[in-house]
Amino acid sequence: MARVVGQIDLSKNEAILDAAIEVLGERGIAAPMEAIARRARVSKQTIYNHYGSKAELVRALASRRVHEITASLETAEGLDDPAQALAGYARALLSALLKPTGVNLYRMAMISAFEMPEIARAMFEAGPKESRARLAEFLALESRAGRMNCPDPLQAAEFFGGMVVATHQSAALLGVEVSLTEAMIDQIAAETSSRFMRAYAA
């Protein structure tokens with residue numbers, strides 16, 4: 001079946017995002033769109049058809065990562081078992097923070113923040129800010145259901161994110177090796193969730 005005008009080719013869209021995070025992570029935010037197009041095996045115009053600017057492309061990259069991080073909050077099982085959902089969020093957040101491509105992209109956005117503030121703003125708004133907002137929505141929902149007691153869900157979400165990230169993100173951004181195995185990440189996620197649930201017990 002022919003694709004209707006304006007409909008996004010999802011496989012091509014994923015190829016663009018995969019290529020973008022690699023190229024921008026390797027070469028920095030100033031990397032030309034041509035390089036991303038070559039890596040994705042599409043035309044530069046195709047990228048601009050999907051995303052009107054590099055800032056919007058970065059926004060899409062951040063949104064995709066947030067979707068992965070918050071996936072555990074959006075399941076029926078997660079809603080019924082907030083401790084499990086929070087552990088899943090923590091695990092995904094910490095894993096995402098330590099991925100080399102993601103770290104490199106975040107680092108380059110920080111370095112370029114004064115020269116290209118629109119890109120840094122897009123990454124923050126669609127990334128950390130949106131991730132915390134979705135967590136806050138989850139905490140508010142759990143509080144209304146009587147499974148938790150978070151008078152200020154957004155503040156609680158910030159507390160939880162800070163507990164998970166700790167110094168690991170700073171170390172990664174500064175190029176200091178962070179030696180966390182999958183088992184260690186699981187332990188941090190479970191411990192953070194357990195302590196948080198006790199702090200905000202209903």
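This is a predicted model: local features need pLDDT of at least 70, side-chain atom pairs count only at pLDDT 80 or more; totals for chains, interfaces and linings use all residues.
Leaving aside residues up to four places away in sequence, Ile16 is in contact with Ile36, Ala40, Val42, Thr46, Ile47, His50, Tyr51 and Leu57. Ile16 also belongs to the largest nonpolar core, a set of 31 residues in which Ile16, Leu24, Ile36, Ile47 and Leu57 touch the most other members. At least two residues of this core come from each of helices H1 (10–27), H2 (33–40), H4 (54–69), H7 (100–111), H8 (117–144) and H10 (168–173). The greatest contribution is that of H1, with six residues.

Attention now turns to helix H6. Buried positions in H6 are Pro82, Ala85, Leu86, Ala87, Gly88, Tyr89, Ala90, Leu93, Leu94, Ala96 and Leu97.

H6 packs against helix H11 (residues 182–199), with the two axes coming within 8 Å and crossing at roughly 135 degrees. Because angles over 145 degrees would be needed for a roughly antiparallel pair, H6 and H11 count as oblique to each other. Their crossing is right-handed. On the H6 side, the contact is made by Pro82, Ala83, Leu86, Ala87, Ala90, Arg91, Leu94, Ser95 and Leu98; Ile185, Asp186, Ile188, Ala189, Ser193, Phe196 and Met197 meet them from H11.

Note on methods:
Residues are numbered from 1 along each chain as its sequence is written. Side-chain values use heavy atoms; hydrogens and water are left out. Buried means under 20% relative accessible area, exposed over 50%, partly exposed in between (1.4 Å probe, protein chains only). Helices (H or I, at least four residues) and strands (E, at least two) are DSSP runs, numbered from the N terminus. A nonpolar core is a set of buried Ala, Val, Leu, Ile, Met, Phe, Trp, Tyr and Cys residues joined through side-chain atoms within 4.5 Å. Contact means heavy atoms within 4.5 Å. Axes are lines fitted to C-alpha atoms, for helices over the stretch in contact, and angles run from 0 to 180 degrees between N-to-C directions. Angles under 35 degrees count as roughly parallel, over 145 as roughly antiparallel, 65 to 115 as roughly perpendicular and the rest as oblique. A crossing is left-handed if the near helix is turned anticlockwise from the far one by less than a right angle, and right-handed if clockwise.
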